[in-house]
Amino acid sequence: MGRRSKFEASFKAKVALEAVKEQKTLNELAKEFKVSPSKIAAWKAEFLQNASAAFVKPDSSQERLVKHLNAEKAQLLKKVGELTIENDFFASACEDAGLKVR
């Protein structure tokens with residue numbers, strides 16, 4: 001299991017973008033953002049490697065999957081609500097009848 005990063009993705013992108021601009025040296029950026037120059041270089045390389053992903057259109061099968069999952073989630077939430085109402089109803093009916101619930 002790898003170590004969890006203590007930096008947010010948005011922060012990494014901001015630092016990597018500054019590094020790509022090459023207006024400041026890695027050492028200057030390291031002082032400014034309080035991150036080691038090697039980390040900035042790694043983030044820059046990863047940023048450049050994955051830059052093309054910004055222009056990839058979502059796959060239609062992924063869109064269908066997301067729609068299906070959202071519909072299923074809505075259906076399950078509705079069912080949970082129904083079961084909660086039924087449970088509350090029967091619990092109060094049992095209490096009214098003098099039965100001990102839970």
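Predicted model: local features only at pLDDT ≥ 70, side-chain atom pairs only at ≥ 80, totals over all residues.
Residues are numbered from 1 along each chain as its sequence is written, and side-chain values use heavy atoms, with hydrogens and water left out.

Q: Why are H1 and H2 called roughly antiparallel?
A: Helix H1 (residues 9-21) and helix H2 (residues 26-33) pack at an angle of about 150°, with their axes 10 Å apart. Helices here are DSSP runs of H or I with at least four residues, numbered from the N terminus. Axes are lines fitted to C-alpha atoms over the stretch in contact, and angles run from 0 to 180 degrees between N-to-C directions. Angles under 35 degrees count as roughly parallel, over 145 as roughly antiparallel, 65 to 115 as roughly perpendicular and the rest as oblique. That makes H1 roughly antiparallel to H2.

Q: Which residues make the contact of H1 with H2?
A: On the H1 side they are Phe11, Lys14, Val15, Glu18 and Ala19, and on the H2 side Leu26, Leu29 and Phe33. Contact means heavy atoms within 4.5 Å.

Q: What makes H2 and H3 roughly perpendicular?
A: The axes of H2 and helix H3 (residues 37-49) come within 8 Å and cross at roughly 105°. H2 and H3 are therefore roughly perpendicular to each other. Leu26, Asn27, Leu29 and Ala30 of H2 meet Pro37, Ile40 and Ala41 of H3.

Q: Why do H1 and H3 count as roughly perpendicular?
A: H1 and H3 pack at an angle of about 90°, with their axes 8 Å apart, and are therefore roughly perpendicular to each other. Among the residues in contact are Phe11 and Val20 of H1 and Trp43 and Phe47 of H3.

Q: What makes the pairing of Lys21 and Glu18 a salt bridge?
A: A salt bridge is a side-chain nitrogen of Lys or Arg within 4 Å of a carboxyl oxygen of Asp or Glu. For Lys21 and Glu18 the N to O distance is 3.2 Å, which meets that rule. Both residues lie in helix H1, three residues apart, about one turn of the helix. By this rule the count comes to four salt bridges.

Note on methods. Helix = DSSP H or I, 4+ residues; strand = E, 2+ residues; numbered from the N terminus.
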